[in-house]
Every structure is written in C-alpha cells, then in structure tokens.
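Here is a short tour of one model, meant to be read with the viewer open. Take a moment to look it over, and then we can go through the fold, the charges and the surface together.

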Amino acid sequence: MNIKMKFMDLEARKYHFIQELFSIDRESIMDTLERVLKKEKEEHGELSVFTKKILDERLESYKNNPNDLLDWDDVKNDW
C-alpha cells in the first residue's frame with residue numbers, strides 16, 4: 001500500500017478498490033478476493049440472509065405465542 005492510500009479515508013479507499021476491481025482480468029484473483037471477504041464475514045459473525053430470515057421468523061413466532069415454549073430439561077431428557 002502506498003503512502004497516499006494509507007492516509008485516505010475509508011470511503012475513498014472503498015471507491016478506489018471498486019475501481020481496481022473493474023480492471024481485474026483473472027478469475028483466480030476474483031476467487032481469492034471472494035474467499036477473503038467470505039472469511040472476514042464469517043469471523044465477524046455476520047449472518048447470511050437465509051439465517052437472518054429464519055431467526056426473524058422464530059422471533060416473530062415467539063412474539064405471537066410467548067407461552068408456546070418447551071422446557072429445556074424435558075427436551076434434553078427426550079434426546
């Protein structure tokens with residue numbers, strides 16, 4: 001990273017990075033970048049759209065039926 005890039009704010013750096021992406025002509029570079037982004041998301045606990053949807057549905061179900069619960073000890077004993 002050159003000195004100029006080091007002092008740019010985050011928004012400017014993202015814009016510059018996006019411009020650089022358009023010049024990539026090797027699929028292997030894109031594969032690497034995608035792996036890095038995926039790993040970064042996983043490490044920082046970002047949820048997938050699918051997972052977020054399931055959690056939202058379960059939360060809504062709980063709000064609509066707060067007494068419709070299972071006791072953990074009962075569940076544990078059944079398994």
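## Overall shape

What radius of gyration does the protein chain have, and what would a compact globule of 79 residues have? The protein chain in this predicted model has 22 Å, whereas a compact globule of that length would have a value near 12 Å. The C-alpha trace spans about 60 × 25 × 20 Å along its principal axes.

Burial tells its own part of the story. Of the 79 residues in the protein chain, 1% are buried. The accessible surface comes to about 8,100 Å², and carbon and sulfur atoms account for 56% of that area.

## Secondary structure

The protein chain holds five helices and zero strands. Followed along the sequence, the pattern reads α-α-α-α-α.

## Charges and salt bridges

Let us turn to the charged side chains. The protein chain carries 14 positive and 19 negative side chains, and 7 Å separates the centres of the two sets.

In helix α2 (residues 10-22), K14 and E11 are three residues apart, so about one helical turn separates them. Their side chains meet in a salt bridge with an N to O distance of 3.1 Å. K14 counts as partly exposed because its relative accessibility is 40%, while E11, at 54%, counts as exposed.

E43 is exposed, its relative accessible area being 53%.

Helix α5 (residues 72-78) contains both D73 and K76, three residues apart, or about one turn of the helix. D73 forms a salt bridge with K76, and their closest N and O atoms lie 3.8 Å apart. Are these two residues exposed, partly exposed or buried? D73 is partly exposed, with a relative accessible area of 43%, and K76 also counts as partly exposed, at 45% relative accessibility.

## A nonpolar patch

Which residues form a nonpolar patch on the surface? They are L59, Y62 and L69, which together have about 320 Å² of accessible area.

Key: Residues are numbered from 1 along each chain as its sequence is written. This is a predicted model: local features need pLDDT of at least 70, side-chain atom pairs count only at pLDDT 80 or more; totals for chains, interfaces and linings use all residues. Side-chain values use heavy atoms; hydrogens and water are left out. Patches are made of residues with over 30% relative accessible area and no salt bridge: like charges are joined within 9 Å, nonpolar side chains (Val, Leu, Ile, Met, Phe, Trp, Tyr) within 5 Å. Accessible areas come from the Shrake-Rupley method with a 1.4 Å probe; for residues, only the protein chains shown count as cover. A salt bridge is a side-chain nitrogen of Lys or Arg within 4 Å of a carboxyl oxygen of Asp or Glu. Helices (H or I, at least four residues) and strands (E, at least two) are DSSP runs, numbered from the N terminus. The radius of gyration is taken over C-alpha atoms; the globule rule is 2.2 Å times the number of residues to the power 0.38. Buried means under 20% relative accessible area, exposed over 50%, partly exposed in between (1.4 Å probe, protein chains only). Lys and Arg count as positive and Asp and Glu as negative; His and the chain ends are not counted. The place of a charge is taken as NZ of Lys, CZ of Arg, CG of Asp or CD of Glu.
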